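Okay, thanks for making time, everyone.

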Amino acid sequence: MLCEPYLLDPTADGVHVVWHTEGPGSHHAVLVGPAVAAMTGDQARAAAAGDAGEGWRRVGADTVELSRTREDQESAVPGRTYPIVTRRPVYRHLATVTGLAGGRTPYRVVSDGTVTAAYTLAPAPPPDRPVRLLLTSDHQLKAMVPVNLAKVAETAGETFDGVLMAGDMVNAPDRASEWFDSTAEPPFFRTFERILAHSPIYPALGNHEVMGRWSETATLDAQFNDPQPGDWDITTYAELFPYPRSESGGQKWWSRTIGDVHVICLFATQVWRSPHPEGRGKFQEALEDVDNPDRWGWGQFIFEPIKRGSPQFAFLEAELASSAARAARYRVVMFHHPSHGLGNHSVPPYTDPVQVVGHKSIRYEYPLADDHILRDVEPLLSASGVHLVLNGHSHVWNRFRNAAGVHWLETSNVGNSYGAYDVTSGMTRWYPPGYVLQGDPGGLQPVVPTVAPLVRPDGVPLPFVASNEVTVFTLLDSAAGVVRSYRHDTRHPESPAILFDEFPLR
């Protein structure tokens, strides 16, 4: 097995159990029931050959091969080298467990003779039940992620009603080892396995879930960095996470009611381009490529429209007006891009690049007034009584509250940070004149953490966490109606996580 099982998209009486292997095998099943927890490995293997017994039952899995997983010279797979881009077979096994009663039920996976530890699964909590949700994003195989997730488990346990993941799980999504077994950096499923084996993950697409143009020879990093408008794909992500999905958006946008919380997930993501003024980047094409459109990057273009008039905006509008959203105690909208934020990736604005063609030059501009999220999406969220917007992308922790009472939270200082650009930090973004070089481009003031903010050497409290030594995670507790953020200083591994911010959703 390449990973422990993970849970997807529970229903009123069931849940999907998913795991992966390098070979197709022939015997893959989930054993479910109270008796499963006490089974030995031999007993579990014997039980997997039957259909049911006292205190347990067997659920078979469907197997498919992932279609685009590969490795290359940048991969770090135990005992293997890949001098060129090489297809790596990965097989997905998916068992849909139904007929579950309320509460948690033990389960094990038996996969071609391998027996996992006993974990627990549960159906979706009913709409009126309070829930606990873990909020996170931007793991990207970064060094602090393992201790971050260990502190989550130490502080709050391994069992949640859901994990809201606001994108950027790995770096190059077609590189199989980044998900499963890289020895160079912490792979996604390996570091997250103890939590995801008990808790369903609800992921959003970030820019690092999108691959660029296919090549038989270019490195996977080069392919990842080479999308063009209309020539990109999310195949590996979609095959790893076939659920949740919606009729109009597939896995790109969807909604689910998790207990008393209604979650709407959007695909609000741009390709990332370098901000530097030379070569292909956010603001220009490389001079040597001006006459070769096949080599253009087309600026920091948006993958899928979210502006008013787009199918995604129509979905959001209808979903916010739905009976499920209106009946929920809390409404949460999740997407990757940081509309309000102190991080570097909050600039330039989230809008279509305006191409300016000059003599032997091609430049791109991004008018702030045309920011699709600030101009079109935020007014809709404010008018619809959304309580929380969860985003990622800038690898910081910061939060805001707009005039309508909508909270905006980025809690992506998980594995590393690239800085916060605020008057208290004194840092200035390295963008051309005319862009917002410091503070929130949307004009909101960041909220200083309410419990134990980090402070400057002169004692001034910081309204952010942007650190490569302090890691952050956040929990939504709908029973208390609060969102709590914790920080842990990795220089002191035995120290507990510290509650540093808490705010009510209403």
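Predicted model: local features only at pLDDT ≥ 70, side-chain atom pairs only at ≥ 80, totals over all residues.

**Starting at Asp72**

If you skip its neighbours within four places in sequence, Asp72 is in contact with Tyr82, Ile84, Val85, Arg175, Thr219, Leu220 and Asp221.

Now look at what the side chain is doing. A polar atom of the Asp72 side chain lies 3.0 Å from the backbone nitrogen of Glu74. The Asp72 side chain also reaches the backbone nitrogen of Leu220, at 2.8 Å.

Let's zoom out. The chain has nine helices and 26 strands. Its radius of gyration comes to 23 Å, and the globule rule gives 23 Å for 506 residues, so the chain is as compact as a globular protein of that length. Along the principal axes, the C-alpha trace spans about 75 × 55 × 50 Å. Of the 506 residues, 60% count as buried. If you take contacts between residues at least 6 apart in sequence, 69% of them join residues at least 24 apart. As for the surface, the chain exposes about 18,500 Å², with carbon and sulfur atoms supplying 53% of that.

On to the inside. In soluble globular proteins, nonpolar side chains tend to be buried together. Here, the largest nonpolar core has 44 residues, and the ones with the most contacts inside it are Phe188, Phe189 and Phe241. Several elements give two or more residues to this core, among them strand S1 (6-8), helix H2 (145-156), helix H6 (235-240) and strand S24 (470-477). Which element gives the largest share? That's H4, with five residues. Phe188 itself, leaving aside neighbours within four places in sequence, is in contact with His139, Met165, Met169, Val170, Glu178, Trp179, Leu196, Ile201 and Phe241.

Next, helix H9. The N-terminal end is capped by Asp371, where a side-chain oxygen lies 3.0 Å from the backbone nitrogen of Ile373. Just after H9, Gly385 takes a positive phi of about 70°. The buried residues of H9 are His372, Ile373, Leu374, Asp376, Val377, Glu378, Leu380 and Leu381. What do the buried residues of H9 pack against? Helix H7 (311-320), plus strands S18 (330-334), S21 (388-391) and S23 (407-411).

Last stop, His345, in the loop between S18 and strand S19 (354-358). With 11% relative accessibility, His345 counts as buried. Not counting residues up to four places away in sequence, His345 touches Trp272, His337, Pro338, His393, Ser394 and Tyr418.

Conventions: Residues numbered from 1 in each chain as written. Heavy atoms only, no water. Buried < 20%, exposed > 50% of the residue type's maximum accessible area, 1.4 Å probe, protein only. Helix = DSSP H or I, 4+ residues; strand = E, 2+ residues; numbered from the N terminus. Contact = heavy atoms within 4.5 Å. Polar contact = N/O pair within 3.5 Å; in protein donor to acceptor, adjacent residues only side chain to side chain. Rg over C-alpha atoms; globule rule 2.2 N^0.38 Å. Areas by Shrake-Rupley, 256 points an atom, 1.4 Å probe, with all protein chains shown as cover. Core = buried A, V, L, I, M, F, W, Y, C linked by side-chain atoms within 4.5 Å.
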